[in-house]
Amino acid sequence: MSFEPIGIFTVTLGLYCLSLGQAATMKVFVALTLLGAAAAFVVGSSSVQPAHLFLLFVALSIFRGTQKTTPLADGLHFGRPGFWLGCLVLYGGLSAYFLPRLFADATMIVPLGVADRPLTSGVVSLAPVSSNLTQTVYLIADLACFLLVTAIGSTTQGFRAIIGGLTAYTALNIVFAALDVVTGAIGAQDMLQFMRNAQYVFHDNDKINGMKRIVGSWPEASAFAGTTLGAFGFTSTLWLCGRSSRWTGALALTSFALIILSTSSGGLVAAPVCLAIFYVTAVIRSGTSHGSANSSAVVIFAPLVAVAVGLAVVLQTDIFNSIYDYIDMAILSKSTSASGMERGAWNTHGMQNFFDTYGIGVGLGTARTSSFLVAVLSNVGIPGAVFYLLFIATALGPSGAMARSFTADVQLSARNGCLCLLTGSFIVGPTVDLGLLFFILAGLAASRPTSTADAPAPFLQLSEQNRLSTRWGTS
């Protein structure tokens with residue numbers, strides 16, 4: 001095991017945050033999930049990211065603080081989202097050990113990790129691989145992350161700390177994207193190697209038709225675009241709800257532009273779906289009540305703007321050709337490219353793994369695919385898919401908060417962020433693990449902050465709303 005300099009920095013930062021309190025620790029944890037290409041320490045061929053290491057400090061901030069740990073245990077009660085996620089983790093861990101041995105040689109897999117047997121045309125006969133362990137650890141970390149976020153989000157201060165961390169995440173994601181583009185343009189990519197030390201295959205210098213593929217702080221463009229979809233969903237919904245409009249609007253617009261410019265086919269295909277989610281939310285939120293101005297404006301003017309832009313593109317031949325060439329390069333011709341055919345083959349083998357194991361799966365972390373849905377079916381089969389579906393349904397279901405209150409608006413934003421992340425993962429997600437950002441957003445959507453701010457109080461409603469809007473209100 002080798003401890004990396006960024007790991008030493010993470011531990012030092014964690015100790016410092018503990019001295020500042022739980023809110024600071026939570027904000028830094030959320031921001032650290034952005035370092036998807038970094039390794040705090042390396043064990044063999046496996047990398048432990050800074051955010052996963054920092055989870056220990058988040059847990060310590062709860063146990064050493066004055067906050068009760070009851071919400072942690074409550075999150076695992078039957079029927080709660082944490083219970084279903086715990087069932088997935090338990091089944092996934094058991095499947096990772098037993099299924100590759102039970103169904104040994106029953107099917108050919110595209111191994112996610114290092115296999116003991118030699119590859120033949122990129123596939124190998126089913127057997128245990130190194131990623132069985134690492135993916136189990138990642139899924140356990142997802143469960144811990146979700147429970148910790150819901151526990152911290154059970155207080156007003158913790159709830160706001162998570163929001164602050166997600167805002168910082170979105171802003172830093174834009175900064176790293178800009179640094180990636182600038183350093184690539186001037187040939188100074190080595191400046192960012194301090195956060196690209198994980199044991200992954202990196203595509204940070206790839207270009208398409210002379211255009212730099214934006215990776216930001218991630219190993220490849222698809223990972224960058226996929227996580228940016230979640231940041232867009234969260235900040236754009238906050239803007240629709242009129243929460244800190246100047247900041248959230250700018251962050252959402254910039255994030256969406258980076259998704260389009262990233263050259264990621266997954267991001268480009270998912271972007272229209274995310275816009276549809278955005279518009280449907282605007283329709284639901286529109287009206288004449290407080291905080292509906294942005295939503296109403298989108299409902300009225302978005303179709304007009306879309307038609308105007310469409311006509312302008314069609315009438316300007318040069319612009320139309322440029323846009324068509326870009327879409328053709330990133331999407332239409334993707335299936336005939338080497339990368340597209342390889343990813344298609346992964347999914348084909350993944351579905352074959354599902355059928356060859358009678359719907360049980362080949363074991364968590366065994367097979368590589370290019371779609372989250374195929375990854376779930378091929379690795380953990382129908383049982384894992386059912387547990388995942390129950391978790392998502394209960395975590396992203398109605399919160400019970402008063403409609404159009406601060407809590408309800410934030411939880412709606414978190415749900416939309418999760419839906420945008422899921423959209424991208426269905427297109428290019430390689431594993432069962434959806435990433436810490438998804439479980440942070442899901443935890444925020446499922447949290448129940450104990451506050452009187454959302455309780456009906458006719459004579460105090462205006463003053464209470466003003467107090468809540470000091471930082472996150474309309475602007």
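**Aromatic rings in a predicted model**

W84 counts as buried, because its relative accessibility is 14% and the cut-off for buried is under 20%. One caution before we go on: this is a predicted model.

A pair of aromatic rings is described by two things, the distance of the centres and the angle of the planes. F83 itself is partly exposed, at 23% relative accessible area.

Now a second pair, F320 and Y324. This one is stacked. Centre to centre we have 6.4 Å, with 15° between the planes. Where do these two residues lie? Both are in helix α12, which covers residues 317–332. They are 4 residues apart, about one turn of the helix.

How many aromatic pairs does a search of the whole structure find? It finds 16. Rings also gather in groups here. F146, F391, F438 and F439 form one aromatic cluster.

Last topic: charges over rings. Take R101. Its charged end sits over the ring of Y97, 4.2 Å from the ring centre. Then take R368. Its charged end sits over the ring of W346, and here the distance to the centre is 5.5 Å.

Notes: Residues numbered from 1 in each chain as written. Predicted model: local features only at pLDDT ≥ 70, side-chain atom pairs only at ≥ 80, totals over all residues. Heavy atoms only, no water. Phe/Tyr/Trp six-rings, centres within 6.5 Å; stacked < 30°, edge-to-face > 60°. Buried < 20%, exposed > 50% of the residue type's maximum accessible area, 1.4 Å probe, protein only. Lys NZ or Arg CZ within 6 Å of the ring centre and 35° of its normal.
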